[in-house]
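Hi,

Here is the structure we talked about.

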Amino acid sequence: MAATVETVTVDLDVTVTSPPTFFGFADSKKPDGSKKSVKSFVVTGKVTGSDGEEQDFEVKDCSYTVGGTKYASRKAIKKALGDLTFSGCSMTIEVGHRPWGYGGGGGGGGGGG
């Protein structure tokens, strides 16, 4: 049986501190009633620093990129570019079932006694 993956694209407002985590935001945007897990997400948009230069912004595979330069976090981007304004941001989310056996399970019993 082939795994089915759904793709959802949503607009989002991005600041240095919002959303608190992109994964949490992605998880909240799964289709209603979906029991599937977030498999991946990509955030794209523009960011403008203190110098007024607009650059491409992307978050993919837990890596932040601005204008081709990688950063560890939005706070690291702010440290490098000064005050930030994000615009035109959207997130593409892939949701699908976890492979069998992944993600934990029932766990063991409590033992006797």
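Below is what turned up, starting with the sheet and moving on to the aromatic rings.

This is a predicted model, so local features need pLDDT of at least 70 and side-chain atom pairs count only at pLDDT 80 or more, while totals for chains, interfaces and linings use all residues. Residues are numbered from 1 along each chain as its sequence is written, and side-chain values use heavy atoms, with hydrogens and water left out.

The sheet: six strands make an open, antiparallel sheet in the order E1-E6-E2-E3-E4-E5. (Strands are DSSP runs of E, at least two residues, and helices are runs of H or I, at least four, numbered from the N terminus; two strands pair if DSSP finds at least two bridges between them.) At the edges sit E1 (5-11) and E5 (69-71), each pairing on one side only. E3 (residues 54-60) and E4 (residues 63-66) pair over four bridges, and Lys 60 stands opposite Ser 63 in E4.

The rings: there are two aromatic pairs, counted when ring centres of Phe, Tyr or Trp (its six-membered ring) lie within 6.5 Å; planes under 30 degrees apart are stacked, over 60 edge-to-face, and the rest tilted. Phe 22 and Tyr 64 are tilted, 6.2 Å centre to centre with 50° between the planes. That pair joins helix H1 (residues 22-28) to strand E4, 42 residues apart. Phe 57 and Phe 86 have centres 4.9 Å apart and planes at 70°, so they are edge-to-face. Phe 57 lies in E3 and Phe 86 in E6 (residues 85-96), 29 residues apart. Phe 22 and Tyr 64 are buried, and so are Phe 57 and Phe 86; buried means under 20% relative accessible area (1.4 Å probe, protein chains only), with exposed over 50% and partly exposed in between.

Cheers
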